[in-house]
Amino acid sequence: MGGGREVPISLEGLRDKNLMQLKKLNTALFPVRYNDKYYADALASADFTKLAYYGDICVGSIACRLEKKEAGAVRVYIMTLGVLAPYRGLGIGTRLLNHVLELCSKQNISETYLHVQTNNEDAINFYKKFGFEITDTIKNYYTNITPPDCYVVTKYITQSKK
């Protein structure tokens, strides 16, 4: 980029006023159209959904859904995590994922998971770097993309005992 000057990367919470940014990013990043429930879940997850800005340009996002499990436990489902192609490799995806993993640790949430298309090796390798592992394969998970199969990729977070 420009003369060695660091461009700040900042994370901002999702609110009604910037929801359109997430919709535009998702249209550019993913071969799937997301419904209103996706956006309602993203808004409801509070701090677990973030937009990433490179300078003042919105270039990436992570959108999560909090799911209740048996016995009142909560797990985090990462619905989407993406960074626009020209901004990949700058640590933005890492920053977004680390933000969510740190929140999980602080809030004693021990499980985070997501779905990844079986041929998306970049994404699979990215998550493996953070200790995620493939825990399941779902055939025909996706309807309008090939291959239609996905992996369930899960990270179990060990709580730090203080």
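1. Strand S2 (residues 50-54) and strand S3 (residues 57-68) run antiparallel and pair over 5 bridges. Strands here are DSSP E runs of at least two residues, helices are H or I runs of at least four, and both are numbered from the N terminus; two strands count as paired when DSSP finds at least two bridges between them. Within this pair, Lys50 has Ile62 of S3 as its bridge partner, and Leu51 stands opposite Ser61 in S3. The hairpin leaves 2 residues between S2 and S3, and Gly55 in the turn has a positive phi of about 65°.

2. A word on what you are looking at: this is a predicted model, where local features need pLDDT of at least 70 and side-chain atom pairs count only at pLDDT 80 or more, while totals for chains, interfaces and linings use all residues. Residues are numbered from 1 along each chain as its sequence is written, and side-chain values use heavy atoms, with hydrogens and water left out.

3. Now zoom out to the whole sheet. It is open, has 7 strands in the order S1-S2-S3-S4-S5-S7-S6, and its pairing is mixed. At the edges sit strand S1 (9-13) and strand S6 (133-138), each pairing on one side only. From one strand to the next the twist averages 25°.

4. Two helices to find against the sheet. Helix H1 (residues 19-29) packs on it and touches S2, S3 and strand S4 (74-83), with a direction about 100° from that of S3. Helix H4 (residues 121-129) also packs on the sheet, touching S4, strand S5 (111-117), S6 and strand S7 (150-156), and its direction makes about 160° with that of S5. Contact means heavy atoms within 4.5 Å; axes are lines fitted to C-alpha atoms, for helices over the stretch in contact, and angles run from 0 to 180 degrees between N-to-C directions.

5. Back to S3 and its other neighbour. S3 and S4 are antiparallel and joined by 9 bridges, one of which pairs Gly60 with Val83 in S4. This hairpin has 5 residues between the strands, and Ala71 takes a positive phi near 60° there.

6. Is Ser61 buried or exposed? Ser61 is in strand S3, and it counts as buried because its relative accessibility is 0%; the cut-offs are under 20% relative accessible area for buried, over 50% for exposed and partly exposed in between (1.4 Å probe, protein chains only). Leaving aside residues up to four places away in sequence, Ser61 touches, among others, Leu22, Leu25 and Asn26, as well as Thr80, Leu81 and Gly82.

7. The largest pocket deserves a look. Its volume is about 1200 Å³, and it is lined by 41 residues, with Phe30, Thr80, Leu81, Gly82 and Asn120 nearest its centre. S4 gives the largest share of the lining, 7 residues; helix H2 (36-44), helix H3 (92-106), S5 and H4 are among the elements that each supply at least two. By class the lining has 22 nonpolar, 12 polar and 7 charged residues.

8. Two arginines in loops. Arg33 lies between H1 and H2 and counts as exposed because its relative accessibility is 59%. Not counting residues up to four places away in sequence, Arg33 touches Asn26 and Thr27. Its C-alpha is 20 Å from that of Ser45, 12 residues away in sequence.

9. Finally, some backbone spots to check. Most residues other than glycine have a negative phi, and most peptide bonds are trans. Ala71, in the loop between S3 and S4, has a positive phi of about 60° although it is not a glycine, and Ala71 is exposed at 86% relative accessible area. Asn108 lies in the loop between H3 and S5; its phi is positive too, near 55°, and Asn108 is exposed at 56%. The peptide bond from Thr146 to Pro147 is cis, with omega near -5°, and Pro147 is found in the loop between S6 and S7.

How values were computed. On a 1 Å grid over the protein atoms alone, a cavity is a set of points where a 1.4 Å probe fits but cannot get out, and a pocket is an open set with protein on both sides within 12 Å along at least five of seven lines; lining residues have an atom within 4 Å of a point. Grid points are joined across faces, edges and corners, and a volume is the space filled by probe spheres set on the points. Ala, Val, Leu, Ile, Met, Phe, Trp, Tyr, Cys and Pro count as nonpolar, Asp, Glu, Lys and Arg as charged, and the others, Gly among them, as polar.
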